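The following note sets out points for a colleague who is examining the model. Please read the numbered paragraphs alongside the sequence and the coordinates.

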Amino acid sequence: MAKNRYQFCFGPWNISEGGDPYGPPTRPAQSFDWKLAQLKKLGYDAMMFHDDDAVPDIDNKSDAQIRKEARELKKQLDGEGIAAEMVAPRLWFSPMTIDGAYTSNDPKCRKYAIERSLRCIDVARAMETDLIVLWLAREGSYLRESKNARKCVDYLVEAIDRMLAHDKSVRIAIEPKPNEPMDVAYIPTIGHALAIANLTADPKRVGALIESAHAILAGLDPADEIDFACAFGKLWSLHLNDQNGLKFDQDKPFASSNLRGAFNQVRALERNGYGKKGEYVCFDVHPFRPTKVEHWLKHLDNSRRTFLHLVDKARTFDEAKAKVLIADRNYQDLDQMVLEHLMGV
Ligand code: GLO
Ligand code: MG
């Protein structure tokens, strides 16, 4: 397998229990410590966190208590040789975020969302990461008439500006997703994320995170989204996974549905030098619901293995031969060349 520059990461939520809207969990909950130990064994380098993965019950704790617990966690991670990749405010569980967080119609709820985000930054600082990820889960609407989408752009900018002002070293990576849980989200694609970055007080500190499944849900090719973000120097994190067409967010193992699509994502990462500035390859993947406890970590191990195999495939792709076919507009043979390369024949 490829000797490579990549460093890998997942979050505690990726060792999930299998509950879905139609049925209960199929695996028992595991402790955080157990999850951390598995991360190391699987050859991963970092963990990504929600603010309340790092400090449980964060809404009911004082600022001093939050900082203390985050520092203790940092020590635990240091002991294991694991970095914290990022911290993300979980703005979709609280009763204060039922109708949106930064874009709620209720000013009290918007205030809660901003204050919670500032606390999330305090957690990140204690855990020595400068990266905050914003998955804007409920920033959208269930019906268009319920919110003023024009105002919501201002609310989003205001929230991001407050975060940028709270800590001058923090960087914010927006993780776009077109739908789920909302009918339609306000920041559905990388183009939207980068456009809103430009309205903020410090655009240099606002970038993006691409999730393969989210791009597919938007009807886009994740590889092109990667190239687009990289053209702006804005791809600061990555959630690789897979998705079988337009349905609920599946978070399948990387390449599970579309091997060729995954190959093209890896090619895009390779040609942009992703990872050279310390960016991590994170897998936002979940086990299939029927997965037994003894196979519980396979989706993480397999995603990483597939990624490394695809790095080999990207590096051994016959670029010179492809160039000749492209110059001759012989896309038929180019197509077959890619298929045979992936099939190993
Ligand atoms: C859901 C998102 C979610 C985020 C995570 C980090 O669709 O992919 O898993 O990545 O909450 O912000
Ligand atoms: Mg994600």
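**Notes on the predicted model**

1. Strand E2 is covered on both of its faces: Ala46, Met48 and His50 are buried on one side, and Met47 and Phe49 are buried on the other. This assignment, like every other in this note, refers to a predicted model. In a regular strand, side chains alternate between the two faces of the sheet. Because 5 of the 5 residues of E2 (residues 46–50) are buried, the strand is largely enclosed by the rest of the structure.

2. E1 and E2 run parallel and are joined by 2 bridges; Cys9 has Ala46 in E2 as its bridge partner. Together with helix H1 (residues 32–41), E1 and E2 make a β-α-β unit that is right-handed. E2 also pairs with strand E3 (residues 83–88), in the parallel sense and over 4 bridges. Here Phe49 is placed opposite Val87 of E3.

3. Of its 6 residues, 6 are buried, so E8 is largely enclosed by the rest of the structure. Strand E6 (residues 171–175) runs parallel to E8, with 3 bridges between them, and Ile172 stands opposite Val206 in E8.

4. Which residues coordinate the magnesium ion (ligand 2)? The donors come from Glu175 (OE), Glu211 (OE), His239 (ND1) and Asp284 (OD), at 1.9 to 2.3 Å. The site has 6 donor atoms, with angles of 82 to 172 degrees among them, and is octahedral. Along the chain, the donors follow the spacing E-x35-E-x27-H-x44-D. Glu211 belongs to strand E8 (residues 206–211) and His239 to strand E9 (residues 235–240), so this pair ties together parts that are 28 residues apart in sequence. Both Glu211 and His239 are buried.

5. A search of the whole structure finds 14 aromatic pairs. One of them is formed by Tyr6 and Phe307, which are edge-to-face, with 4.9 Å from centre to centre and 90 degrees between the planes. This pair links distant parts of the chain, 301 residues apart: Tyr6 lies in the segment before strand E1 (8–10), and Phe307 lies in helix H10 (residues 298–316). Tyr6 and Phe307 are both buried.

6. Why is the pair of Phe283 and Phe307 edge-to-face? The ring centres of Phe283 and Phe307 are 6.2 Å apart and the planes are at 75 degrees, so the pair falls into the edge-to-face class, for which the angle must be over 60 degrees. This pair, too, links distant parts of the chain, with Phe283 in strand E10 (residues 281–283) and Phe307 in helix H10, 24 residues apart. Phe283 has a relative accessible area of 0% and is therefore buried; for Phe307 the relative accessible area is 0%, so Phe307 is buried. Ring pairs join Phe283 and Phe307 with Tyr6, Phe8, Phe10, Tyr44 and Phe254 in a cluster.

7. The charged end of Arg90 sits over the ring of Phe93, at 5.2 Å from the ring centre. Arg171 lies over the face of Trp236, with a distance of 5.1 Å to the ring centre.

8. Some backbone values call for attention. Most residues other than glycine have a negative phi, and most peptide bonds are trans. Glu180 and Pro181 are joined by a cis peptide bond, with omega at about 10 degrees. Glu180 also has a positive phi, near 65 degrees, and is a residue other than glycine. Pro181 is placed in the loop between E6 and strand E7 (184–185), and Glu180 likewise lies in the loop between E6 and E7. Because its relative accessibility is 30%, Glu180 counts as partly exposed.

9. Asp57 is a further case: although this residue is not a glycine, its phi is positive, at about 60 degrees. Asp57 is located in the loop between helix H2 (51–54) and helix H3 (63–80). Its relative accessibility is 46%, so Asp57 counts as partly exposed.

Technical notes: Residues numbered from 1 in each chain as written. Chains lettered and ligands numbered in written order. Predicted model: local features only at pLDDT ≥ 70, side-chain atom pairs only at ≥ 80, totals over all residues. Heavy atoms only, no water. Phe/Tyr/Trp six-rings, centres within 6.5 Å; stacked < 30°, edge-to-face > 60°. Buried < 20%, exposed > 50% of the residue type's maximum accessible area, 1.4 Å probe, protein only. Lys NZ or Arg CZ within 6 Å of the ring centre and 35° of its normal. Donors = N, O, S within 2.8 Å, 3.2 Å for Na, K, Ca; no water. Tetrahedral: all angles 85-135°; square planar, octahedral: opposite > 155°, others 65-115°. Pairing = 2+ DSSP bridges. Right-handed = clockwise from strand over helix to strand, strands pointing away.
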